[in-house]
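Hi,

Here is the structure I promised to pass on.

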Amino acid sequence: MAVKKFSTKYEAAWSDADQLLLCLDTGTWRTKRPVVDKEKCTYCGLCAIYCPPQCMITRPDFFEPNLNFCKGCGICAKECLRGAITMRPEGDFTS
Amino acid sequence: MKEIRFHGRGGQGAVLAARMLAIACVAEGKCVASFPMYGFERRGAPVVAFTRFDDKPIMEKTQIYNPDCLVVIDPGLLKLPTLFTGLNPNGTLILNSAKAFEKQPNENLKLAGVVNATQIAVEEVGRDVPNTCLLGAFAAVTAWVTLKSVQASLSEYFSGDILKKNLRCVERGYNEVKVTKWQ
Amino acid sequence: MKAKQGELKVMTGNSAAAYGAMLCRPDVVASYPITPQTEVVEQLSRFHADGTLEAEMIEVEGENSAMNAVAAATLAGGRAFTATSSWGLVYMYDAVLQAAGFRAPVVMANVNRETPGILAVSSGQQDMIQTRDTGWIQVIVENSQEILDTIIMAFRLAEDYDIQLPVMVNYDGFYISYLAEGVRIPAREDVDRFLSVLKTQPQRTIMDPTRPIGAGSHGLMTEFMELRYRHCAALDRAKKKFDDIDKDYGDFFGRSYGGQIEEYRTEDADFVILTSGSAVGTSRTVVDAKRTEGVKVGLIKLRMFRPFPQEKLIKAIKGKKAIGVIDRSVNFGWNCGPIYSELRALTPEIGNIPILSFIDGLASIDITKPHIERVIDDVANAAKGKPYQAVTWIPLEERE
């Protein structure tokens with residue numbers, strides 16, 4: 001049969017699962033991003049617990065969203081008891 | 001035949017905008033074909049919608065590769081390397097943005113209409129739904145369809161208070177769009 | 001006597017399917033949502049909620065129940081409609097076979113999408129191919145208006161006393177299901193009138209308490225074979241019946257589609273291409289463009305897939321120097337396009353001309369104008385006697 005070069009790695013619809021399973025660049029889906037006010041953050045961890053794709057990174061004394069995967073759902077901002085997280089439009093961060 | 005390509009993200013109303021434009025065209029006696037293409041059907045995922053109109057029935061069922069006009073609902077999408085791909089010479093762009101163009105973004109782009117549709121939508125509707133405002137801007141910049149037809153098309157999808165608010169968005173888009181021309 | 005022109009409304013293919021079904025006043029609708037068909041169910045629900053559709057809407061938990069419900073409803077003498085796609089069609093598979101075997105005149109819209117095996121929420125005709133041996137009548141259409149009109153014709157065909165077979169109306173998912181176009185909606189009274197001829201026919205056998213029958217009796221040996229034979233004979237009759245219904249529809253509503261096939265610029269063509277669904281629309285524009293360049297190419301639109309319109313195709317292709325078939329699916333085992341391989345069975349009648357298979361448009365890959373230009377160029381070369389590749393998977397070719 002005619003086709004000789006393939007771009008797929010496997011014979012069938014299989015995919016590697018030995019790396020991290022967060023393999024989709026869902027960060028590009030955002031229309032708003034969470035901005036953490038480090039002063040207000042009391043390091044309670046609720047945002048990290050509630051984040052659906054679990055993309056809150058633990059920093060020394062505050063939490064930071066992993067912008068490669070954060071889809072901008074806003075749950076962290078809603079759950080933060082101190083109001084330390086605000087959702088800002090992505091447009092503000094693009095030229 | 002004119003081919004218009006809409007770029008947006010899921011939830012911004014790109015598909016609806018393309019559809020309302022189709023309705024406006026039909027109201028003016030034109031033939032239309034409009035459809036979307038999405039990857040993942042979720043909020044925030046890139047969406048492309050295509051609308052063609054002509055005086056005779058439209059036969060082609062393909063995506064639009066050589067648009068005459070681009071309507072970009074999310075300013076972040078200007079980063080997309082393929083945004084201007086295939087744009088016809090003398091192409092038009094309708095863009096939702098707070099900032100005007102400093103330089104010509106693509107050599108085939110000769111006409112651009114920029115309006116802060118997000119701000120207008122937030123002011124009039126209370127939410128970032130920029131699509132109807134951009135349709136008003138489209139009517140003003142291209143004159144391919146009248147403001148009246150665009151406004152009439154909204155009642156297919158909106159009624160009551162939300163219709164009134166979106167009609168104001170259309171009108172403001174029509175009046176407040178800033179036009180830039182290049183040689 | 002002509003029907004009224006009808007209101008013009010911009011609607012998607014899915015919406016057109018719902019309108020078509022609603023206008024025929026089905027007694028029972030049972031349907032389960034699945035992308036890219038969901039809007040059909042949503043629109044029918046809207047019609048039901050506002051009273052436009054006075055049907056028993058059974059909210060089923062899955063497609064298998066849906067088909068069982070609608071097939072049973074028709075056997076009780078009612079008119080029934082359902083819609084599905086790919087995975088849903090597969091889930092109802094045993095009921096689909098039953099419906100045909102029981103001669104239940106269900107009308108089903110099938111929105112073409114790739115079948116299980118490789119997960120894809122995208123356009124492809126494998127689901128239509130998957131079910132070609134179920135004994136259903138299968139037709140496939142090109143745009144939103146044709147969906148609406150063909151569903152009305154489908155009820156007329158399915159419930160015809162000489163036919164009594166379920167009809168599947170196929171249309172490409174995404175490219176037609178979500179395509180919004182201006183569609184003329186016939187007036188309900190006119191659809192009633194068009195279908196009223198069914199009332200003048202003898203009453204087909206149904207479950208009637210005053211004349212009890214058993215439906216789905218066991219078949220043995222020669223009786224089994226006789227019933228299969230009757231089924232095949234009915235499918236055979238469906239060909240001319242479909243043409244007649246299409247002509248009646250055209251005479252009354254002003255729109256007809258050619259019946260089993262449509263021939264576009266084939267009379268003086270040296271060679272032809274054949275395809276189905278949305279690709280037909282695009283092919284028309286490419287054929288027109290090639291014609292202005294002096295290339296004498298014609299297009300055959302396959303509308304009826306089951307029964308296979310052999311006689312019409314033989315007549316259309318005989319005398320042509322070559323034919324290319326664009327399939328939006330694969331024939332596992334023959335490893336070429338399925339419609340292509342069925343066409344090859346007509347070689348004794350059409351002559352040993354080059355027949356070329358093109359596989360394209362799987363998984364929502366766009367069948368673009370350059371693709372179709374390539375098809376025409378390849379078939380043109382074959383028609384001139386140059387060597388050709390029998391099977392081409394267009395998007396995978398190194399040349400692309």
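**A cysteine in chain B**

Cys169(B) sits in helix α5 of chain B, which covers residues 160-176. Keep in mind that this is a predicted model. Is Cys169(B) buried or exposed? It counts as buried, because 25 C-beta neighbours fall inside 10 Å, and the cut-off for buried is 20 or more. Leaving aside neighbours within four places in sequence, the residues in contact with Cys169(B) are Ile120(B), Ala121(B), Glu124(B), Val125(B), Thr132(B), Cys133(B) and Gly136(B). Glu123(B) is 46 residues away from Cys169(B) along the chain, yet their C-alpha atoms are separated by 9.0 Å.

**A sheet shared by B and C**

This is the part I'd open in the viewer next. Nine strands make an open sheet with mixed pairing, and the order is β7(B)-β6(B)-β5(B)-β4(B)-β1(B)-β3(B)-β2(B)-β8(C)-β1(C). At the edges are β7 (178-181) of chain B and β1 (7-11) of chain C, each pairing on one side only. On average, and ignoring direction, neighbouring strands in this sheet are turned by 20 degrees against each other.

Two of the pairings in detail:

- Within chain B, β4 (residues 69-72) and β5 (residues 91-96) pair in the parallel sense through four bridges. Val72(B) has Leu95(B) in β5(B) as its bridge partner.

**Where chain C touches the others**

The contact between chains B and C takes 15 residues from chain B and 18 residues from chain C. On the chain C side, the elements giving two or more residues are β1, β8 (180-185) and α10 (278-292). Which of them gives the most? That would be α10(C), with five residues. By type, the chain C side divides into eight nonpolar, six polar and four charged residues.

Chain C also meets chain A, with seven residues of chain C in contact with five residues of chain A. The chain C side of that contact has four nonpolar residues, two polar and one charged.

**Chain C itself**

Chain C has 14 helices and 15 strands. Its C-alpha trace spans about 70 × 55 × 45 Å along the principal axes. The radius of gyration is 21 Å, which agrees with the value near 21 Å for a compact globule of 400 residues. Of those 400 residues, 55% are buried. Among the contacts in chain C with a separation of 6 or more, 79% are between residues 24 or more positions apart.

- α2(C), residues 38-49, has 12 residues and should span 16 Å at 1.5 Å a residue; the end C-alpha atoms are 17 Å apart, so the two agree. Its buried residues are Glu39(C), Val40(C), Val41(C), Gln43(C), Leu44(C) and Phe47(C). What covers them includes α1 (13-23), β2 (28-30), β4 (80-84) and β5 (107-112) of chain C. Just after the helix, Gly51(C) takes a positive phi of about 90 degrees.

Cheers

Conventions:
Residues are numbered from 1 along each chain as its sequence is written. Chains are lettered from A and ligands numbered from 1 in the order in which they are written. This is a predicted model: local features need pLDDT of at least 70, side-chain atom pairs count only at pLDDT 80 or more; totals for chains, interfaces and linings use all residues. Two strands pair if DSSP finds at least two bridges between them. Axes are lines fitted to C-alpha atoms, for helices over the stretch in contact, and angles run from 0 to 180 degrees between N-to-C directions. Two residues are in contact if their C-beta atoms, placed from the backbone, lie within 7 Å. Ala, Val, Leu, Ile, Met, Phe, Trp, Tyr, Cys and Pro count as nonpolar, Asp, Glu, Lys and Arg as charged, and the others, Gly among them, as polar. The radius of gyration is taken over C-alpha atoms; the globule rule is 2.2 Å times the number of residues to the power 0.38. A residue is buried if 20 or more other C-beta atoms lie within 10 Å of its own, exposed if 12 or fewer, and partly exposed in between; C-beta atoms are placed from the backbone. The expected span of a helix is 1.5 Å times one less than its number of residues.
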